[in-house]
Amino acid sequence: MARNIIILGAQWGDEGKGKIVDLLTQKVSAVVRFQGGHNAGHTLVIDDDKIILRLIPSGILHDNVRCFIGNGVVLSPSALLEEMDELEARGVPVKKRLRISYASSLLLPYHVALDKARELARGSDAIGTTGRGIGPAYEDKVARRGLRASDLLDANTLAEKLEPLAEYHNFMLQNYYGVESLSFKKVFDDLMQVGEKIKPLLTDVVMDLKQLQDDNKNILFEGAQGALLDIDHGTYPFVTSSNTTAGAASTGSGFGPLYFDYVLGIIKAYTTRVGSGPFPTELHDAFGKRMAERGNEFGSVTKRPRRCGWFDAVAMQRVVQINSISGLCITKLDVLDGFETVKICVAYENGVPTYEELPGWSESTYGVKEISGLPVNAQNYLARLSELLEIPVDIVSTGPDRNETIILNDLFG
Ligand code: IMP
């Protein structure tokens with residue numbers, strides 16, 4: 001029986017999804033992105049070579065694997081082209097492997113300008129967005145005035161739809177935010193040029209996925225960002241503008257909800273967050289600094305330093321429920337190597353985290369490939385997380401490379 005698996009970040013993003021998607025891609029025929037845009041930064045390390053993917057699914061490096069960008073994604077044609085060129089220059093046949101939904105929403109330069117202008121206007125209340133135009137692009141989609149990838153197919157239709165949109169956004173930019181407007185002609189010409197290269201990749205993702213399903217093929221659905229950044233269930237308003245939770249895998253790709261078999265939640269052994277917003281277990285001391293340094297916690301897209309803190313089991317219990325997470329992949333365990341004790345937030349009292357303290361481990365867990373190779377206290381830490389969340393640990397990632405991984409459960413049976 002084929003297995004269709006959703007992979008999600010269970011925290012505030014940056015849990016290390018890219019590596020795991022790439023690893024599991026060895027067993028699937030297709031990888032699908034279903035939400036977000038080029039705000040994502042999925043880092044893959046293969047033979048010491050680092051590749052950062054933003055829009056293109058993390059399965060793209062594999063031969064015989066089809067990659068799809070679903071209708072739920074906001075697609076910046078220029079960002080896509082840049083990423084395609086980068087990969088093609090490394091010899092990855094992107095045009096052969098990648099297909100894009102006709103119904104994906106276009107993210108245009110107006111959205112980027114608006115995102116930046118809004119953040120500036122919010123001042124100290126800024127969300128800390130990636131500045132990629134994600135929010136404004138989703139706003140246009142929901143307001144039913146947005147452009148879709150299918151609009152690239154015909155120049156006249158594109159011009160007809162783009163012109164009033166450009167007028168509307170330029171009015172906002174100039175008169176509300178007092179910043180420069182963008183030339184319609186330039187945006188249109190650029191879009192036409194880039195559009196020519198994207199057109200051949202457009203497809204009806206719904207029917208392509210149905211065909212794969214009929215052929216009994218395994219499919220992976222690759223989430224971007226993390227559950228706590230979900231527009232409905234996250235730390236609103238300090239969230240991204242899409243649903244990052246499991247339900248979006250269905251709505252953002254057109255693959256019906258009952259066709260999924262497993263939801264893998266990726267969590268770091270601790271917690272990080274970039275941008276503003278609540279983070280109750282955040283550390284402002286030497287421990288937090290050490291996590292940031294050892295974990296190299298800088299945004300892969302924006303290079304901003306990430307905030308660090310202890311594992312929040314209370315928040316994660318809720319995330320497990322919202323996403324029906326079946327099992328866990330725990331990443332970056334080695335960052336906690338050498339801590340005398342490690343803490344897990346197990347309750348809140350009047351909004352203040354209460355911690356359970358476990359003995360740490362002094363040995364290195366970096367690159368360990370068998371669970372028995374982990375120090376006993378590290379094993380106990382993982383077991384306690386599993387117990388608190390009431391789901392199994394399926395995978396432990398002990399380093400950035402594909403083979404620095406402990407597999408406890410073969411998700412494809
Ligand atoms: P936006 O998605 O650019 O609108 O940013 C909204 C919030 O989501 C900000 O706090 C960003 O830092 C955060 N965010 C967006 N994408 C990612 C990601 O891939 N990893 C981590 N945080 C992200």
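Visitor: Which atom of the ligand does a polar side-chain atom of N39 lie 2.9 Å from?

Guide: An oxygen atom of the ligand. A polar contact is a pair of N or O atoms within 3.5 Å; within protein, one must be able to donate a hydrogen and the other to accept it, and residues adjacent in sequence count only if both atoms are side-chain atoms. Before we go on: this is a predicted model, in which local features need pLDDT of at least 70, side-chain atom pairs count only at pLDDT 80 or more, and totals for chains, interfaces and linings use all residues. Residues are numbered from 1 along each chain as its sequence is written, and side-chain values use heavy atoms, with hydrogens and water left out.

Visitor: How many residues surround the ligand?

Guide: There are 16, and the closest are D14, N39, T130, T240 and R304. To count, a residue needs a heavy atom within 4 Å of the molecule.

Visitor: Why is helix α1 called largely enclosed?

Guide: Because eight of its eight residues, 17–24, are buried. Buried means under 20% relative accessible area, exposed over 50%, and partly exposed in between (1.4 Å probe, protein chains only). Helices (H or I, at least four residues) and strands (E, at least two) are DSSP runs, numbered from the N terminus. One of the buried residues of α1 is D22, with a relative accessible area of 2%.

Visitor: What makes R402 and D22 a salt bridge?

Guide: Their side chains meet at 2.6 Å, N to O. The rule asks for a side-chain nitrogen of Lys or Arg within 4 Å of a carboxyl oxygen of Asp or Glu, so the pair qualifies. R402 lies in the loop between β18 (393–397) and β19 (405–407) and D22 in helix α1, so they tie together parts that are 380 residues apart in sequence. R402 itself is partly exposed, at 24%.

Visitor: How many salt bridges are found in the whole structure?

Guide: The search finds 23. Salt bridges also link D14, K268, E297, R306 and K332 in a network.

Visitor: How do you know that D115 has no salt bridge?

Guide: The nearest side chain of opposite charge, R118, is 6.9 Å away, and a salt bridge needs 4 Å or less, so D115 has none. On charges, Lys and Arg count as positive and Asp and Glu as negative, while His and the chain ends are not counted. D115 is buried and sits in helix α4 (residues 109–122).

Visitor: What does the side chain of D115 reach?

Guide: It reaches the backbone nitrogen of R132 at 3.3 Å, and the backbone nitrogen of G133 lies 2.8 Å from a polar atom of that side chain.

Visitor: Why is R144 called exposed?

Guide: Its relative accessibility is 78%, so R144 passes the 50% limit. R144 is found in the loop between α5 (134–142) and α6 (155–176), and its phi is near 65 degrees, a positive value in a residue other than glycine.
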